[in-house]
Amino acid sequence: MKPGQYVPEMGIQFDENDPYVRMYKPVYDREYKVDEHYPFVDDSLKQRFSNFWAWYGVLNGVIRAQLRVRWGMRIHGRDILKKYKDQLAGGYISVANHMHRHDCEAALIALKAKRTVKIPMFQKNFETKDQFWLKVVGGIPIPPAEEGLSAMKQFNSAFDEFHRRGYNFHIFPEMSKWTWYSALTTFQKAAFTMAYKYNMPIVPVTISFRERKGIYKLFAPANEPLIDVTIGEPLMPDTTQARKTEVDRLLTATHAQMLAQMGIVENPWPAIPQA
């Protein structure tokens with residue numbers, strides 16, 4: 001890390017061989033079928049009301065307050081959203097490191113995201129107690145492989161429609177959440193493939209740590225860090241290039257920029273998945 005960067009000591013043993021190990025072990029205690037009949041585009045009155053309530057009552061109310069008070073959330077780089085207002089007007093894909101229960105909400109709050117943002121999510125997480133929240137906040141479950149190509153075709157068609165409507169997307173390219181991890185694991189290519197397909201800019205958001213001090217010691221254990229959320233300069237896809245070449249370039253450039261935002265000099269994982 002660069003001098004002055006804080007690395008929390010949480011006593012967590014992170015995997016050194018597989019960057020996609022799912023360290024988060026929730027209780028899967030309900031069913032949630034995602035097949036070709038699943039309503040990926042749900043414009044029902046119930047869904048719209050639930051989404052409105054979740055966005056303005058919970059995310060921008062309860063969770064925003066929790067992030068500010070318990071984790072001392074500071075936001076940096078919002079001026080970038082104004083600087084690139086025209087380029088981002090047609091929709092963008094925000095990406096962030098996946099290291100906190102509320103990292104998604106922190107990124108969305110920092111970006112001043114609208115409630116039309118859509119978030120591709122691991123289908124199994126909809127089989128937990130968070131099922132309702134994931135759906136109403138904008139989560140779209142990725143069909144499991146066993147549901148076949150028909151389900152994935154419907155999923156892809158839904159994102160075609162969301163893009164047509166000018167929605168933003170938020171994706172965690174690391175795939176797995178490693179709580180309090182201070183580096184970046186290897187990225188998967190989905191976010192950058194979508195950026196190329198839809199010609200949408202990538203907006204890198206990083207969450208880094210600072211030491212818990214002062215009044216913040218009253219709200220959590222002393223070793224639990226506070227968080228800084230940083231919005232980086234957008235990266236634009238070049239759709240005149242071959243898809244694979246440009247996806248790899250965009251992924252590598254985004255990974256490098258996020259490392260710089262986090263103050264990381266040497267990272268233990270490569271940007272692109274190895275064979």
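Start with helices H7 and H8: H7 passes H8 in a right-handed crossing. Keep in mind that this model is predicted.

**Stop 1: the helix pair**

Select residues 190-198 for H7 and residues 243-262 for H8. Their axes come within 9 Å and cross at roughly 125°. H7 and H8 are therefore oblique to each other.

Now show the side chains where the two helices touch. On H7, pick Phe192, Thr193, Ala195 and Tyr196. On H8, pick Arg243, Glu246, Val247, Leu250, Leu251 and Thr254. Colour them by type: the contact of H7 with H8 holds six nonpolar residues, two polar and two charged.

**Stop 2: the sheet**

Hide the side chains and switch to a cartoon view. Look for the open sheet of five strands. Read across it in the order E1-E7-E6-E2-E5. The pairing is mixed. The edges are E1 (74-76) and E5, each of which pairs on one side only. Direction ignored, neighbouring strands of the sheet are turned by 20° against each other on average.

Next, bring H8 back into view. H8 packs on this sheet and touches E2 (93-96), E6 (202-210) and E7. The direction of H8 makes about 30° with that of E6.

E1 pairs with E7 (residues 226-231) in the parallel sense, over three bridges.

**Stop 3**

Move across to E5, where isoleucine 171 lies. Is isoleucine 171 buried or exposed? Its relative accessible area is 9%, so isoleucine 171 is buried; the cut-off for buried is under 20%.

Show what surrounds isoleucine 171. Leaving aside neighbours within four places in sequence, isoleucine 171 is in contact with Ile93, Ser94, Val95, Ala96, Pro120, Ala191 and Met194. Then pick methionine 121. Methionine 121 and isoleucine 171 are 50 residues apart along the chain, with their C-alpha atoms separated by 8.2 Å.

**Stop 4: threonine 185, in a loop**

Follow the chain on from E5 (169-171). Threonine 185 sits in the loop between E5 and H7. Threonine 185 counts as buried because its relative accessibility is 2%.

Which residues does threonine 185 touch, not counting those up to four places away in sequence? Select Pro19, Glu174, Trp178, His255 and Trp269. One of these, His255, falls within the residue range of H8 (243-262), the helix where the tour began.

Conventions:
Residues numbered from 1 in each chain as written. Predicted model: local features only at pLDDT ≥ 70, side-chain atom pairs only at ≥ 80, totals over all residues. Heavy atoms only, no water. Axes fitted to C-alpha atoms, helices over the stretch in contact; angles between N-to-C directions. Helix = DSSP H or I, 4+ residues; strand = E, 2+ residues; numbered from the N terminus. Parallel < 35°, antiparallel > 145°, perpendicular 65-115°, else oblique. Left-handed = near helix turned anticlockwise from the far one by under 90°. Contact = heavy atoms within 4.5 Å. Nonpolar A, V, L, I, M, F, W, Y, C, P; charged D, E, K, R; others polar. Buried < 20%, exposed > 50% of the residue type's maximum accessible area, 1.4 Å probe, protein only. Pairing = 2+ DSSP bridges.
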